[in-house]
Amino acid sequence: MKAEPVPSAASSSPAPLTLLLDLLLGAFVMNLVLQPLVEPDLGWHLRAGLDLIAQGWRLPETDPYSHTMPDWHWVEHAWLSDGVLALIYQALEPSGGLGLIAFFGGVTALAWWTAARVASVHRTYRLAALVASLWVALPFLGARTQLISLLGVAVVLTIWNRMQRGQRQWIWALPPLFLVWANLHGGFTAGLFVITVLVSLSFLMTLCTEWKSVQASRDEPVLSWDDLRRCALAIAVSIAVTFLNPYGWHLYGEIYESLTDRFMIDTLREWQPVSFQGWAGRAYGFYLLGLVGLMAGWYRQMEPVRWVLLLLMLALSLLHWRNVTLFLIVSLPLVAELCTLVGDTLWRRISVLQAHAAGTVLVLSIMTATALSALGSEHLEHVWQSGRTPEVYFERTEYPIEAVRWIRTHRDETGTRLYNDYSYGGFLLWQLPGEQIFIDGRMPAWRIKDRWIFRDYVALNREDAPQLALLDRYGVDWAMIPRGSALAVALETHPAWKPIFTDAKVVIVRRQS
């Protein structure tokens, strides 16, 4: 979609006022992308990275962190990201947490900015689109390695945009991108999917231009056959270089197993279909309604490739929660262009805005500053505390830091084979180095014959009748369980188990001799 530069309040007002508005919008963006360290999987990523460095960057052949699946040939598709996180954490100790927050905040901001730059619009409109999109993405932000793949998708969109503009050499940026990406995060497959869809749709559009019956004006470039051959070759090379990882083709096997595990998909929330209940669902619903409304009022372009890509990504986002951010990234250039069209329409039709361009931008700046002020400083205080003194910050979260402190000083009173809640696994690996856990966020698709740890975990946590015999099967002799859960109640009153620690968050029980 071509957004022609049109004089507007953003471009016609004095530069200092426009810069002030941009700075305020940028501050809003920073407020959104900087998040406390509460992501459940961060702990095991960090522990894996710290151990990776300590072992001279040698990857373990089997899982070293659980006593339930120690023979599982663990394929860590974010091994390089783990190492980077550990390097940052160690280099900035005792404020390593702040380094992690800055890293993930920077990756998030760069991903959204890179995607928005695909749109040829004024910086102010681009920043406004970022704020709107990031606000919707807020429940999915934080210390999540998936954000690295969102940055990769944004780079793919940029490369494709340059290719469409006739800068053909940009297509050869794909192979080095995917070489690095395949070692940073398994989401590189999403990038391969996006670029393959774009090239396939462009092939169809190029084919259709040769049929007189479908001749029509278009607002998208039609690639030549030479361009399409170049793209196909670049994709083939990109796929080939993804095999240059420590696991070779097994990396694809691990990703495939994760994406097709029906039990995991039916159980974990991030794999559930989007529900428009709750804050996250309503925010995404309003975003989609707003996008449809703006397109109905201002979108007048003929862009078949973009249409199909957006519809496909929308369908995937509605199918699984985890794909919502992918659609936000892919749709961001369109949102920025629509913001421009709306702003410029108002500028042209409301004469008072033209007569008082400086005043208009000043009012917008005051409104943005007011919104920032309304957010308050509490969020940034939480961010600072979670990075600078994480143990103190964790006291106000659901993570059992108090129980962890007790374990450190009473380790001889516990057992040797721990049962832990799924959401605690990564946290315990981070806070209790050397402790082997029952389950964590790496393991939902892990299965060896009839030993299926995630299914057994779900059976243990049935509200009606926890399957306590599974604790015997795995030789569990002590457990850390959320207080008040069905499993906690069952073990607290069971004659074979004895509570040895209780607080407002968890209960720790030990099997009687």
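1. Quick one on helices: the expected span of a helix is 1.5 Å times one less than its number of residues, with helices taken as DSSP runs (H or I, at least four residues) and strands as E runs of at least two, numbered from the N terminus. For helix 15 (residues 324-349), 26 residues should span 38 Å, and the end C-alpha atoms sit 35 Å apart, which agrees.

2. Before going on: this is a predicted model, where local features need pLDDT of at least 70 and side-chain atom pairs count only at pLDDT 80 or more, while totals for chains, interfaces and linings use all residues. Residues are numbered from 1 along each chain as its sequence is written, and side-chain values use heavy atoms, leaving out hydrogens and water.

3. Helix 15 isn't straight: there's a kink of about 45° at Ser331, shortly before the proline Pro333 (the bend is the angle between axes fitted to the seven residues ending at a residue and the seven starting there). Helix 15 is also mostly covered, with 21 of its 26 residues buried (under 20% relative accessible area, 1.4 Å probe, protein chains only).

4. Have a look at strand 4 (residues 478-482): five of its five residues are buried, so the rest of the structure largely encloses it. Trp478, Met480 and Pro482 point one way, Ala479 and Ile481 the other.

5. As for neighbours, strand 4 pairs with strand 1 (residues 418-420) in the parallel sense over three bridges, pairing needing at least two DSSP bridges. Leu418 stands opposite Trp478 there. Strand 6 (residues 506-511) runs antiparallel to strand 4, joined by five bridges, with Ile508 opposite Met480.

Definitions and conventions:
Buried < 20%, exposed > 50% of the residue type's maximum accessible area, 1.4 Å probe, protein only.
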